[in-house]
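This report looks at how a protein model is put together.

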Amino acid sequence: MSKYCAKDALRMFMLEGNSITTLEAMLLFGARNPTAEIYRFREKGFIIKKQQVPMIKVFARLSKFTACQPPPDLPVREILMTEYWIQS
């Protein structure tokens with residue numbers, strides 16, 4: 001029986017064409033340091049692209065997988081997060 005590995009799950013998710021933020025990587029896969037994992041992907045030759053997206057978009061994606069609500073006073077439309085994806 002193989003052990004669960006957050007970095008492998010993260011890589012597979014991204015190879016399937018999905019984009020991800022560090023918040024999503026931590027909540028969905030239990031990645032302790034998603035930024036370091038993305039750096040390692042680059043070192044292995046993957047072309048990683050990134051862009052800034054509003055936090056509200058991230059919470060909308062998270063709602064498909066888990067119950068996650070931002071605090072009511074948090075300006076989620078104004079806060080920007082970086083999302084990463086593997087260029088195909």
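The model is predicted. A first point to look at is G45, which comes just after helix α3 and takes a positive phi of about 105 degrees.

**The helices α3 and α1**

Helix α3 covers residues 34–43, and its buried residues are P34, A36, E37, I38 and F41. The cover over these buried residues includes α1 (6–15), α2 (22–29), β2 (48–54) and β3 (80–86).

In α1, the buried residues are A6, A9, L10, F13 and M14. Seen down the axis of α1, they fall within an arc of 130 degrees, so they line one face of the helix. Among the elements that cover the buried residues of α1 are β1 (20–21), α2, α3, β2 and β3.

**The nonpolar cores**

The largest nonpolar core has 14 residues, and L10, M14, I20, F29 and I48 touch the most other members. Two or more residues of this core come from each of α1, α2, α3 and β3. With five residues, α1 gives the most to this core.

Apart from this core lies another one of seven residues, including V53, F59, V76 and M81.

F29, named above for the largest core, has several contacts. Leaving out residues up to four places away in sequence, F29 touches Y4, A6, A9, L10, F13, I20 and E24. Of these contacts, A6, A9, L10 and F13 are also buried residues of α1.

**The loop residue S19**

Where is S19 placed? S19 is in the loop between α1 and β1. Which residues does S19 touch, not counting residues up to four places away in sequence? They are F13, E24, R61, E83, Y84 and W85. The side chain of S19 also makes polar contacts with the side chains of R61 and E83, as the table shows.

| Side chain | Partner side chain | Polar contact |
|---|---|---|
| S19 | R61 | 3.3 Å |
| S19 | E83 | 3.2 Å |

How values were computed
Residues numbered from 1 in each chain as written. Predicted model: local features only at pLDDT ≥ 70, side-chain atom pairs only at ≥ 80, totals over all residues. Heavy atoms only, no water. Buried < 20%, exposed > 50% of the residue type's maximum accessible area, 1.4 Å probe, protein only. Helix = DSSP H or I, 4+ residues; strand = E, 2+ residues; numbered from the N terminus. Contact = heavy atoms within 4.5 Å. Arc of directions from axis to C-beta. Polar contact = N/O pair within 3.5 Å; in protein donor to acceptor, adjacent residues only side chain to side chain. Core = buried A, V, L, I, M, F, W, Y, C linked by side-chain atoms within 4.5 Å.
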